[in-house]
Amino acid sequence: MSRRDLMGFLLGLVGTFLFILGTGGLELQGLNIELPGAGQALALLIGLILAIGAAVWLSRGYDPARDDVRVVQNPSFTQFLFESPRSAPLWLGVRLFLGLDWLLAGLHKLTDPGWMSGASLQAFWQRAIALPEQGRPAITYDWYRDFLGRLLSGGHQTWFAPLVAWGETLIGLALIIGLFVGIAAFFGAFMNMNFMLAGSASSNPILFTLAVLLILAWKVAGYYGLDQYVLPMLGAPWAPGPLTRRPSSTP
């Protein structure tokens, strides 16, 4: 193991340990390590930063053309699903289903005075952070309960509720027209995760799974949509397109 690999391993190990502490604690053979709410949030954040840092550290100087390590190749079926435009009709159906669900949910909130005023969201947060005398609370993680509690005490539902309504509407529109499908699916999955953290399962697990699949298929999921024209023009940070490519300087 090289020094680079050892450093990446240590960063990933510490990041994973902190992430576990941040998501509820660690219990092994009678050893119970649990942090308070604020400590959980901090451990979760640092753990994510270290895990991302480990990936960035290990990727430094990586060149696929010079990679002399033999790895198992992806099966042709996964390449077809996530890289071939021939799979686009499948993702079109997933997009329309998910987009319509988000669009209808957003429009319902936009036309609901109780939601747009923040009263409905306030009631939802109050139910979520409540600690019952018996049974398990709706929220599992103390740091997320503290987060919602701070939002409530600060009266932030007045601006947060319209943000949620417009966010759901824009996510739905982007998925339906096939514009920046991967980004729209990411924010949709993020909202699903927050609903689940608040103790609201409902259809969120299914919607979260479909959003993750669209994120993986971001290159072809919007092929029958605006992404077919927008993505080649914009490209990606690692492969700029004609509109984002810097002009070459002449000597």
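Mentor: Rings of Phe, Tyr and Trp count as a pair if their centres lie within 6.5 Å, the six-membered ring being used for Trp. In this predicted model, Tyr 141, Trp 143, Tyr 144 and Phe 147 form one aromatic cluster.

Trainee: How many aromatic pairs does the structure hold?

Mentor: Ten aromatic pairs. One of them joins Tyr 223 and Tyr 224, with 5.5 Å from centre to centre and 80° between the planes. That pair is edge-to-face because its planes are over 60 degrees apart.

Trainee: Are Tyr 223 and Tyr 224 buried, partly exposed or exposed?

Mentor: Buried means under 20% relative accessible area and exposed means over 50%. Tyr 223 has 31% relative accessibility, so it counts as partly exposed. Tyr 224, at 44%, is therefore partly exposed as well.

Trainee: Which residues of the largest nonpolar core touch the most other members?

Mentor: That core has 37 residues, and those touching the most other members are Trp 91, Leu 98, Trp 125, Tyr 144, Leu 148, Leu 175 and Leu 214. Helices giving two or more residues to this core include H4 (88-110), H6 (119-129), H7 (142-153), H8 (157-177) and H10 (204-216). Tyr 144 also belongs to the aromatic cluster with Tyr 141, Trp 143 and Phe 147.

Trainee: What is Leu 175 in contact with, leaving aside its neighbours within four places in sequence?

Mentor: Leu 175 contacts Arg 95, Leu 98, Gly 99, Trp 102, Val 181, Ala 184, Ala 185 and Leu 214. Leu 98 and Leu 214 are also among the core residues that touch the most other members.

Trainee: What describes two packed helices?

Mentor: The angle between their axes and the distance between the axes. For H6 and H7 the angle is about 145°, and the axes are 10 Å apart. The crossing of H6 and H7 is left-handed.

Trainee: Which residues of H6 meet which residues of H7?

Mentor: From H6 come Gln 122, Trp 125, Gln 126, Ala 128 and Ile 129, and from H7 come Arg 145, Leu 148, Gly 149, Leu 151 and Leu 152. By class, this contact has six nonpolar residues, three polar and one charged.

Trainee: Where does Leu 58 lie, and what does it touch beyond four places away in sequence?

Mentor: Leu 58 lies in helix H2, residues 37-59. Leu 58 and Leu 6 are 52 residues apart in sequence, with 9.6 Å between their C-alpha atoms.

Trainee: Why does Leu 58 count as partly exposed?

Mentor: Because its relative accessibility is 37%.

Notes. Residues numbered from 1 in each chain as written. Predicted model: local features only at pLDDT ≥ 70, side-chain atom pairs only at ≥ 80, totals over all residues. Heavy atoms only, no water. Core = buried A, V, L, I, M, F, W, Y, C linked by side-chain atoms within 4.5 Å. Buried < 20%, exposed > 50% of the residue type's maximum accessible area, 1.4 Å probe, protein only. Contact = heavy atoms within 4.5 Å. Axes fitted to C-alpha atoms, helices over the stretch in contact; angles between N-to-C directions. Left-handed = near helix turned anticlockwise from the far one by under 90°. Nonpolar A, V, L, I, M, F, W, Y, C, P; charged D, E, K, R; others polar. Phe/Tyr/Trp six-rings, centres within 6.5 Å; stacked < 30°, edge-to-face > 60°.
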